[in-house]
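Let's go through this model together, one question at a time. Here it is to look at.

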Amino acid sequence: MNRTTLSLIAGATALAAVTGFAAVTAPDTSGTGTAATAAELPVERTSLTCPTPSLSDLAETTYTSFTPVTKGTGGEGRAELRPAATESTDGRTGKDGKDGKDGKKTSDKGGKDKAGTAAKPVLAAKEPGKPVTVDDSGSESPALVGTADGKFAPGWTVQQTTEVAAGTGRGLLGVTCTAPDTDFWFPGASTAADRTDYVHLVNPDDSAAVVDIELYGRDGALETTAGEGITVAPHSDDPVLLSTLTTEKQDNMTVHVSVRSGRVGASVQALDDKLGGDWLSASVDPGGSVVIPGIPKDATAVRLIAFAPGDADADLKVRLSSPSGQITPAGHETLHLKAGMTGAVDLGDVMRGEPGSLVLTPTDRSVPVVAAVRVVRGKGTGQETAFIPATRPVGTRATVVDNRAKGTTLSLTAPFGAAKVKVTASAGSEGGTAASKSFTIKAGTTQQIEAPVPSGVKGTYALTVEAVSGGEVHGARTLTEGKDGVSAFTVQTLSDDRGLVAVPDAEQDLSVLQK
């Protein structure tokens with residue numbers, strides 16, 4: 001019996017070290033209610049997926065890869081991204097009734113060449129602590145899939161940033177590449193006449209994945225024509241146009257992506273005829289309280305979209321975390337969500353020149369919800385939009401990449417208690433010396449901090465936020481590019497990079513088993 005238990009502990013520990021998704025803690029035997037302390041070790045392998053950047057021939061895309069320096073990783077390893085094919089395997093058609101995304105034939109350029117061997121990496125890291133970048137242009141820029149191992153695995157972060165000069169979805173589109181998973185929620189999607197939204201499904205594995213897509217509008221689940229049993233080929237990106245799944249036109253929808261077999265990375269590309277476009281990343285998993293950080297201070301319109309996926313209605317307090325503390329948006333003290341129905345509230349010009357975050361907490365009993373905001377900046381023909389999902393806390397450490405010496409803004413919020421953090425700016429992709437600063441975030445506030453910039457920076461750099469003490473911290477980074485009077489921008493949240501995994505102390509486990 002003891003031998004079997006030891007094997008289970010060893011197996012779980014090995015899984016934790018390789019994937020970063022398993023955590024093992026020794027059971028509590030002290031009678032005090034406190035579990036034995038677990039050590040933290042760096043993960044040994046990480047996978048990421050990046051969707052196809054753009055449909056536009058005018059698109060200019062930059063891919064950026066970075067791994068922070070982590071103690072205890074050894075001297076070996078690599079982090080490489082390779083192209084994935086763009087596939088449509090179930091007969092769906094694009095806007096013009098032809099194959100693929102926009103009426104063009106889908107590309108057969110993918111993760112393996114004609115001989116069946118892996119394609120050459122398009123982006124390979126050189127050393128932890130220094131970002132690497134590669135540029136591409138046009139509508140043929142590929143989706144990417146990749147793996148990091150050894151010293152490059154803990155905290156590996158990749159972003160693609162795309163500038164589109166004109167047309168539907170013009171502006172600055174940025175997305176942090178995602179780890180493959182089996183369940184995703186996207187409040188904020190749309191099938192309205194002026195929106196063209198795609199769910200990108202990227203399969204990094206050698207076997208096909210089978211995926212279901214469910215759509216929820218203001219009155220509940222929408223009838224879909226082809227959302228069940230979508231097969232995503234190995235090493236491919238399958239962009240699914242939402243308007244091909246339903247005939248209903250809905251301004252505010254929630255998209256649920258669930259994987260029957262295999263795993264995928266999923267992101268929503270939201271393209272607006274008038275307000276530009278951006279990526280909508282998945283909301284944090286459903287929870288009773290959620291935080292949406294980093295709403296820019298010059299936002300001219302903010303729309304909150306939320307959804308309660310269970311069988312119970314949700315009643316939420318709505319609070320805006322400002323630089324001076326939490327306040328209640330006038331006329332929007334609470335939000336009632338009917339179970340299975342998407343709710344949306346236009347908060348208007350709620351920021352009034354100050355950066356902020358939205359904090360949603362239950363008024364009474366806790367009911368799991370997901371949420372996001374759509375943010376508009378600018379006026380008239382100079383408007384552009386971005387999306388910010390509810391996110392996990394920074395946790396031990398979180399990183400955002402592709403920062404520039406000009407146009408980078410970092411916002412941090414401590415919604416439930418004061419916290420101290422350390423922010424490190426890495427060396428630049430083309431030169432410069434790393435720099436660090438510490439900050440204290442007061443309880444209930446959102447601070448647009450003066451983040452450090454690498455000395456003598458050339459190129460772009462990474463910003464890594466590490467928790468030092470206090471309560472949980474949530475964060476977001478805004479990139480801004482001003483062109484022709486349009487305030488092009490994109491916002492990425494910072495979530496715990498899960499670069500460390502808890503493993504039990506061997507001596508503590510043995511003593512437990514001997515009892």
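**Strands and salt bridges**

The secondary structure of the protein comes to two helices and 38 strands, taken as DSSP runs (helices H or I, at least four residues; strands E, at least two) numbered from the N terminus. This is a predicted model: local features need pLDDT of at least 70, side-chain atom pairs count only at pLDDT 80 or more, and totals for chains, interfaces and linings use all residues. Residues are numbered from 1 along each chain as its sequence is written, and side-chain values use heavy atoms, with hydrogens and water left out.

Student: Is Asp-212 buried or exposed?

Tutor: Asp-212 forms a salt bridge with Arg-260 at 2.9 Å, N to O, where the term means a side-chain nitrogen of Lys or Arg within 4 Å of a carboxyl oxygen of Asp or Glu. Buried means under 20% relative accessible area, exposed over 50% and partly exposed in between (1.4 Å probe, protein chains only). Asp-212 has a relative accessible area of 14%, so the residue is buried.

Student: Which residue forms a salt bridge with Arg-377?

Tutor: Arg-377 lies in strand β26 (residues 370–377), and the partner sits in the loop between β19 (290–295) and β20 (299–307), so the pair ties together parts 79 residues apart in sequence. The closest N and O atoms are 2.8 Å apart, and the partner is Asp-298.
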